[in-house]
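Please open the model in your viewer and keep the selection panel at hand.

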Amino acid sequence: MTLPKPNWGWASLPFLVLVWIALASRFPSYVLPQPWVVAHEAVRWLSDGSLLVQLRASLLEELAGFCGAVLVAVLLGSAGGLSRRFRDFISPLNSLFMAIPPIAWAPLILIIFGLGFFSIVLVIFIAAVFPMAVTLQEGVQSIRGGEVRAARTLGANRWQLLAHVYLPASLPFLTAALRIGFSQGWRALVAAEMIGASQGIGWMVSMGGQIGNSSQVLLGIVLIGLLAWLMESLVFRRIERHYQAWRVS
């Protein structure tokens, strides 16, 4: 009987905290505070409800930009995978937009649309849509021709092929696209909030840096990483495991 291999993933976060404590002991508290000082800062923000306001603002912006990017990416990826002409047309645009850091669009978007919810959402959308579209396009292109020919033999039209052959077979690629799109959008959200927002986690980090409150800066950084880790663990890994057998077959 083969014993299961131990999973050492549980040890990574305590190890990171120990490294943090060791590093913080070499600096003054106002430069690099200890974890318990940051925890006290979190309690202070929670006590007056400010922390929930910042979290809600960031999550709403991420959800709006990410959902819009998913809808457009499914259309672009499906069209690119099904039509060679459209793929040739969209390929330079994909390369162009993926090569430009999304945050580079933020100053222009803020100039055109001003500060606010829509500008942040648009930066997230630009960051997420093209990586997801390319991933989905590759998924549609990878479908075996025999499956398509069999469906056509049974009388399937283009829309039926898309609904019953291409999209179901592309679900493993869709899970990978969602994972990529969320991470890209989350990074763009934080960066955009640091440049042009009046609330949100990125704004917390930016304001903490301006007033010299390193505890606030670290609290924002911890929240950014913690929320991304929770989404990865509770949502995307579960979806990916669900389709793991499908991907292998």
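For the classes used at the first stop, Ala, Val, Leu, Ile, Met, Phe, Trp, Tyr, Cys and Pro count as nonpolar, Asp, Glu, Lys and Arg as charged, and the others, Gly among them, as polar. With those classes, the lining of the largest pocket comes to twelve nonpolar residues, one polar residue and no charged residues. Bear in mind throughout that this is a predicted model.

To find that pocket, select Leu 13, Leu 16, Val 17, Trp 20 and Val 222, which lie nearest its centre among the 13 residues that line it. Helices H1 and H11 each supply at least two residues of this lining, and the volume of the pocket is about 450 Å³.

Next, colour the whole chain by secondary structure, where you will find twelve helices and zero strands. Of its 249 residues, 38% count as buried, while the chain exposes about 14800 Å², with carbon and sulfur atoms supplying 69% of that area. If you draw the contacts with a separation of 6 or more, residues 24 or more positions apart account for 70% of them.

Which residues does Leu 219 touch, not counting residues up to four places away in sequence? Centre the view on Leu 219 and show Val 38, Glu 41, Ala 42, Trp 45 and Met 204, which are the residues it touches under that condition.

For the last stop, select Thr 175, Ala 176, Leu 178, Arg 179, Phe 236, Ile 239 and Glu 240, the residues that line the largest cavity. Its volume is about 40 Å³, and the structure holds one cavity of 30 Å³ or more. Helices H9 and H11 each supply at least two residues of the lining, with the largest share, four residues, coming from H9. By class, the residues of this cavity lining divide into four nonpolar, one polar and two charged.

Note on methods
Residues numbered from 1 in each chain as written. Predicted model: local features only at pLDDT ≥ 70, side-chain atom pairs only at ≥ 80, totals over all residues. Heavy atoms only, no water. Buried < 20%, exposed > 50% of the residue type's maximum accessible area, 1.4 Å probe, protein only. Contact = heavy atoms within 4.5 Å. Areas by Shrake-Rupley, 256 points an atom, 1.4 Å probe, with all protein chains shown as cover. 1 Å grid on protein atoms, 1.4 Å probe; cavity = no way out; pocket = protein on both sides within 12 Å on 5 of 7 lines; lining within 4 Å. Points joined across faces, edges and corners; volume = space filled by probe spheres on them.
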